[in-house]
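These are my notebook entries on a structure that was new to me. I set down what I looked up, in the order in which I looked.

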Amino acid sequence: MFFWLLISSLALLCPSFMIIFGIIFLISAPKGINYIFGYRTRRSMKTHETWKFAHRLLGILWIPLGVLSFSLILASMVLLFNAPDSTIGTVGALLTLVGLVVFAIPILPVEIALNKKFDVFGHRIKK
């Protein structure tokens with residue numbers, strides 16, 4: 001039971017962070033553009049407006065993806081409650097990998113949206 005609880009907790013870590021930080025980023029981007037915390041890409045760090053836009057969009061994407069992946073990982077781990085430790089470890093590692101992939105998926109749509117809304121200098125494109 002301890003091993004199942006440990007692996008389940010580790011597999012749910014990434015989706016939990018997505019939900020928590022998705023809510024934080026949706027409400028407010030980190031105050032100043034920095035190299036330590038937040039969605040840090042060249043395009044998102046151009047101006048304060050691109051910084052806020054990227055964090056808001058990331059929050060919008062992370063919350064439902066986090067809830068979905070949390071639910072699916074939790075349901076999968078519940079099904080493995082009485083399984084052998086080797087099965088729990090293998091499936092838990094795969095589910096953790098899935099959580100990491102889902103964590104990174106929003107990078108592409110955020111960068112595409114930044115590219116459509118802002119020029120290379122970070123100024124909003126006028127239509």
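Entry 1, contacts. I count two residues as in contact when heavy atoms of theirs lie within 4.5 Å. The model I am reading is a predicted one. Leaving out residues up to four places away in sequence, I found that Val-110 touches Tyr-39, Ala-54, Leu-57, Leu-58 and Leu-61.

I then looked up the largest nonpolar core, which has 13 residues. Those with the most contacts inside this core are Tyr-39, Phe-53, Leu-58, Val-110 and Leu-114. The elements α1, α2 and α4 each give two or more residues to the core. I noted that α2 supplies the largest share, five residues. Apart from this core I found another, of nine residues, including Trp-4, Ile-7, Ala-11 and Leu-80.

Does the span of the helix agree or disagree with what its 20 residues should give? Helix α3 covers residues 85-104 and, at 1.5 Å a residue, should span 28 Å. Its end C-alpha atoms are 29 Å apart, which agrees. Within α3, I found Ile-88, Gly-92, Leu-95, Gly-99 and Val-102 to be buried. These residues cover an arc of only 80° around the axis, so they lie on the same side of α3. On the other side of the helix, Ser-86 and Leu-94 are exposed. I also asked what covers the buried residues of α3. The cover includes α1 (2-27) and α2 (48-79).

How many aromatic pairs does the structure hold? I found eight. In one of them, Phe-25 and Phe-37 are tilted, at 5.7 Å centre to centre with 55° between the planes. Phe-25 belongs to helix α1 and Phe-37 to the loop between α1 and α2, so this pair ties together parts that are 12 residues apart in sequence. With 4% relative accessibility, Phe-25 counts as buried, whereas Phe-37, at 36%, is partly exposed.

I next looked up Phe-53 and Phe-118. Their ring centres are 5.4 Å apart and their planes stand at 70°, so I recorded the pair as edge-to-face. Phe-53 lies in helix α2 and Phe-118 in the segment after α4 (107-117), so the pair ties together parts that are 65 residues apart in sequence. Both Phe-53 and Phe-118 are buried.

Conventions
Residues numbered from 1 in each chain as written. Predicted model: local features only at pLDDT ≥ 70, side-chain atom pairs only at ≥ 80, totals over all residues. Heavy atoms only, no water. Helix = DSSP H or I, 4+ residues; strand = E, 2+ residues; numbered from the N terminus. Expected span 1.5 Å × (residues − 1). Buried < 20%, exposed > 50% of the residue type's maximum accessible area, 1.4 Å probe, protein only. Arc of directions from axis to C-beta. Phe/Tyr/Trp six-rings, centres within 6.5 Å; stacked < 30°, edge-to-face > 60°. Core = buried A, V, L, I, M, F, W, Y, C linked by side-chain atoms within 4.5 Å.
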